[in-house]
Amino acid sequence: MNILLVAINAKYIHSNPAIFSLKACTGIYSPHVQTVEFTINQPFAFLLQEIYKKEPDVIAFSCYIWNRSLIGQLIGDLHKILPDTDIWAGGPEVSYNPYEVKKEWMLRGVMAGAGEGSFSFLVASYVQKTADSLPDVLTTENTPKLPFCDIPFWYQDMESFQNRIVYYESSRGCPFSCSYCLSSIDRQMEFRPTERVCEELAFFFAQKVPQVKFIDRTFNCNKQHALPILRYLLKHDNGITNFHFEIAADLLDEDYFALLEQMRPGAVQLEIGIQSTNRQTLKEIDRNTDFAKTADAVRRVLSWNNIHVHLDLIAGLPYEDFHSFQVSFNDVYALRPMQLQLGFLKVLKGSAIEARAPKYSLVSSSQPPYEVLSTKWLSYQEVCRLKQIEEVFEIYYNSGQFTHTLQLLLPYFSSAFAMYDSLATWFAEHSLFGILSNRVRKYEILLEFGTSCILNGHATDTRCPAARQILKLRETLTLDLYLREHMKNRPGFAAPNSQWKQAVQDILLKEAQTHALFAEYSGYRYKELVKVLHVEVFETIYAQPEAVVFSYQKKDPLTNNGRAVRAALPL
């Protein structure tokens, strides 16, 4: 009996923990189960052929909003080329209406809800040749329930996870009831014993896994569970592995702060869903959070400069119009997280917000991921405008490549939102959307945009000549570029530096003799330093002309920038 578990991920760097968890729970029958992972970016014909070549007797698909449409197409053709193969589906995208999905895709059956017990029962039935008696829909009610704490640790051979994110689950369920989330349907919480969690995390440390992403819905919802895990991570940190957690920042207290402040820079990432700062919106979506407390916690964590913080906003929520979303955006932007995801409401099937959609005049796409098109408060035209803002925001803020330039430009506008809105308008007016620009071109576009702002009277300091403001913009862009990359060729937008050629040479000659700036290059001679260091002289960024020496051997684990050390210009 050959049973094939199929996952189709959104990107290659992702992996699908569900199929590995399901296989691990099949016990003595696991030799009958194969797992295979693809991505939605691979050609349809390739996926079909690869599944066919496995010669499966049974196929089980793991279904999510990013792959539902593709899986439906695959199943249609698999029925034609493998007519004797039973096909099953499971996952959140088929659990809310299993009978409708079974009929739509002509499946043998659907596994609804947590699938480990159901899949183990399914495999045993096929191997024992009793599958004819299987119900059309398998649930935790009509199959043996497998407690979450009894699910085996499925990571053994890490070779297949090279250059990919490793996912780990220490708790299942969510104590909150946010109306847009499917986790609100079942608020039952299950926790893996902390002693066992720590033993399993030791495996990741030993394997020197680059990143482990916890898929717990709210990792810090239970202190007795979360604190021992954080203590273990702090004590056994291997200097390499990074751990990503989704948390509720307003639940952080002094016990959490004491541990998090001690973490190695880059050891921990925190993702915090703020979604909106509109109190009426938060109340309507059943999200009882305290933004003031959240903001204080975020500022405190960011002040340590050791933890990557990712904040989330959702456009299209009830009572959030275009102006209100601007306020939410500016409130969250002011916290200056490393990343700020400007997301759009997804009206998930079976969620509370779907049931309330008529009340909100909420219109969403009929195709996955069921994104909002308009609401009583937000028109489709405004959604489109926010989509454009999201695109330029991803390029310029979330890439982390333009930090100093964006800070330089911000005072030219009434708010952060106004700046990105204006940048999106610039993109639209110059037909830049839909064009894959290279890295240097992105800097050039920001220079053109900023120059236009300066020349059109946006400058806040009218005493400073426009020509000098533009020079400062060019120098700041050059600073951002060299922080991220050791360019072989100096970019065309950089200010002329021929007059500083001798000064740059003298700085490198002195460094070759003293190694006062970068001890890691001790022993490097002048000719070797020229290859690994870059020196740039800035005339307008600082109070007086100064040189900055860039090194790329030890990059900042939070920003991925190289090191930049200011050096006095030789007299």
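How many bridges join strand β10 to strand β11, and in which sense do the two strands run? Strand β10 (residues 211-214) is joined to strand β11 (residues 242-247) by 3 bridges, and the two run parallel.

## Basis of the description

This is a predicted model, in which local features need pLDDT of at least 70 and side-chain atom pairs count only at pLDDT 80 or more, whereas totals for chains, interfaces and linings use all residues. Residues are numbered from 1 along each chain as its sequence is written, and side-chain values use heavy atoms, with hydrogens and water left out.

Helices (H or I, at least four residues) and strands (E, at least two) are DSSP runs, numbered from the N terminus. Two strands pair if DSSP finds at least two bridges between them.

## The sheet of six strands

Strands β10 and β11 belong to an open sheet of 6 strands with the order β7-β10-β11-β12-β13-β14 and parallel pairing. Because β7 (166-168) and β14 (339-344) stand at the edges with a single partner strand each, one side of each is left without a neighbour in the sheet. Neighbouring strands of this sheet are turned against each other by 25 degrees on average, direction ignored; angles run from 0 to 180 degrees between N-to-C directions, and axes are lines fitted to C-alpha atoms, for helices over the stretch in contact.

Contact here means heavy atoms within 4.5 Å. Helix α12 (residues 322-333) lies across β12, β13 and β14, running at about 175 degrees to β13.

In strand β3 (residues 58-62), 5 of the 5 residues are buried (under 20% relative accessible area, with a 1.4 Å probe and protein chains only), so the strand is largely enclosed by the rest of the structure. Both of its faces are covered, with Val58, Ala60 and Ser62 buried on one side and Ile59 and Phe61 buried on the other.

Strand β3 is joined by 5 bridges to β1 (residues 3-9), with the two running parallel, and Ala7 has Ser62 in β3 as its bridge partner. Another 5 bridges join β3 to β4 (residues 86-90), again in parallel, and here the bridge partner of Phe61 is Ala89 in β4.

## The sheet of three strands

An open sheet of 3 strands has the order β17-β18-β19, with antiparallel pairing. Its edge strands are β17 (533-538) and β19 (563-567), each of which pairs on one side only, and the twist averages 25 degrees from one strand to the next. Strand β18 (residues 546-551) pairs with β19 in the antiparallel sense over 5 bridges, and the bridge partner of Ala547 in β19 is Ala567.

Helix α19 (residues 466-484) lies across β17, β18 and β19, running at about 165 degrees to β17. Helix α20 (residues 501-514) also packs on the sheet, touching β17 and β18, and its direction makes about 135 degrees with that of β17.

## The loop residue Ser379

Ser379 lies in the loop between β16 (372-374) and α15 (380-398). Leaving aside its neighbours within four places in sequence, Ser379 is in contact with Leu373 and Ser374. The C-alpha atoms of Ser379 and Phe322, which are 57 residues apart along the chain, are separated by 8.7 Å.

Technical notes:
Buried means under 20% relative accessible area, exposed over 50%, partly exposed in between (1.4 Å probe, protein chains only).
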